[in-house]
Amino acid sequence: KIKIQILWAESGGKSTEIIELVGSGAIELGATPASYYPSELPLNGVTTSLPMIFRDNAEAARVQDGLIADVPAMREEQKKNGVWSLYWNSLGPYRVLCKMPITALADLKGKRMRSYGAYVPHMWKALDAVGEVVLTNEVYESLDRGRLDCTYFSYQLIVDLKQYEVAKQLSTANFGALSTWPVWVNYDLWHKKWPESVKKLFTEVSAEAAARSVKAIAQAEEEALAFLQKNGVQVVEFKNQNELNARVPDMRAFWLEQMKARGLGAPAQQVFDYWVAKSPK
């Protein structure tokens, strides 16, 4: 009895407009990353923004679900924007695909790496690399023309964006998985208008979709790696993962200090304390 019309490719609103559209009730549901809204959703966007935090997409999904369920500040921020998240997706660990082999930490020095956002540049700086902010749709050409030495994506995204055509050296260095975009629903619809039977159905289907997403992403990463190897990409073993992990500062602590400077210290501390407590030692 429930029919959902999907408006593809931003035909129902740009990705940076979805929260406002869902929150105002202009559309009932929307899918967009919280990190696209650093002013409106600084807490919800943290798991989609920080590198070197999650070992794999399963851990990213587990921590993200826990933050939403157990940290009141996360839901309070959603309510303030008139939205409610139904479930979140994740991505596999980010890697570097380069024009030259990256086998050790020293190989990163001076290399021009694809960068974005407020936090990834700090990671590259800590590793003596040079972060170059390049839009996703410009990375291919930047690699091809030599503006970049390395791209920075998951295996799956490297395949989807065809970047293996212009760079052939894939390092096994793990720069961390990410939580990505959730499906958002209008807050008032969810809490005041939809009957319990509809909410129950959406909750059940969302849980099924979230579990399927975790498995599908892990499988897609395996398939993408095999595809890359079949298409001439050389997998280069990285020798200094522990040293790399130690070199990069705790990005969660860096984020917390930024939130304190914005007057969001108390709610950000809730997020930080929970995250640290639930992370593997």
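A salt bridge here is a side-chain nitrogen of Lys or Arg within 4 Å of a carboxyl oxygen of Asp or Glu. Before you start clicking, note that this is a predicted model: local features need pLDDT of at least 70, side-chain atom pairs count only at pLDDT 80 or more, and totals for chains, interfaces and linings use all residues. Residues are numbered from 1 along each chain as its sequence is written, and side-chain values use heavy atoms, with hydrogens and water left out.

**Stop 1: salt bridges**

Side chains of opposite charge can pair when their charged atoms come close. The structure holds 9 salt bridges, and this tour visits some of them.

Select Lys260 and Glu257, whose side chains meet in a salt bridge at 3.5 Å, N to O. Both sit in helix H10, 3 residues apart, so about one helical turn separates them. (Helices are DSSP runs of H or I with at least four residues, strands are runs of E with at least two, and both are numbered from the N terminus.) How exposed are the two partners, Lys260 and Glu257? Lys260 is partly exposed at a relative accessible area of 40%, and Glu257 is partly exposed too, at 47%. For these labels, buried means under 20% relative accessible area, exposed means over 50%, and partly exposed is in between, with a 1.4 Å probe and protein chains only.

Next, pick Arg112 and Asp149. Their side chains meet in a salt bridge at 3.0 Å, N to O. This pair links distant parts of the chain, 37 residues apart: Arg112 is in strand S4 (residues 112-115), while Asp149 is in the loop between helix H5 (139-145) and strand S6 (150-153).

Now go to Glu59 and Arg55, where the side chains form a salt bridge at 3.1 Å, N to O.

**Stop 2**

Two packed helices are described by the angle between their axes and the distance between the axes. Show H10 (residues 251-261) and H11 (residues 265-278) as cartoons: their axes come within 8 Å and cross at roughly 165°. That angle makes H10 roughly antiparallel to H11, and their crossing is left-handed. The axes are lines fitted to C-alpha atoms, for helices over the stretch in contact, with angles from 0 to 180 degrees between N-to-C directions.

The axes of H2 and H11 come within 10 Å and cross at roughly 135°. H2 and H11 are therefore oblique to each other, and this crossing is right-handed. The naming goes by angle: under 35 degrees is roughly parallel, over 145 roughly antiparallel, 65 to 115 roughly perpendicular, and the rest oblique. As for handedness, a crossing is left-handed if the near helix is turned anticlockwise from the far one by less than a right angle, and right-handed if clockwise.

**Stop 3**

Most residues other than glycine have a negative phi. Select Ala9, which isn't a glycine but has a positive phi of about 50°. Ala9 lies in the segment before helix H1 (18-24) and is exposed, with a relative accessible area of 74%.

Then jump to Lys162: again no glycine, yet its phi is positive at about 60°. Where is Lys162 placed? Look in the loop between helix H6 (155-160) and strand S7 (169-171). Lys162 is partly exposed, with a relative accessible area of 43%.

**Stop 4: a nonpolar patch**

Colour Ile2, Ile4, Ile6, Trp8, Leu201 and Val205 to see a nonpolar patch on the surface, with about 620 Å² of accessible area together. Patch members have over 30% relative accessible area and no salt bridge; like charges are joined within 9 Å, and nonpolar side chains (Val, Leu, Ile, Met, Phe, Trp, Tyr) within 5 Å. Leu201 lies in helix H8 (residues 196-230) and is partly exposed at 40%.

**Stop 5: one more look at H8**

Stay on helix H8 and select Arg212, which is exposed with a relative accessible area of 55%.

Notes:
Accessible areas come from the Shrake-Rupley method with a 1.4 Å probe; for residues, only the protein chains shown count as cover.
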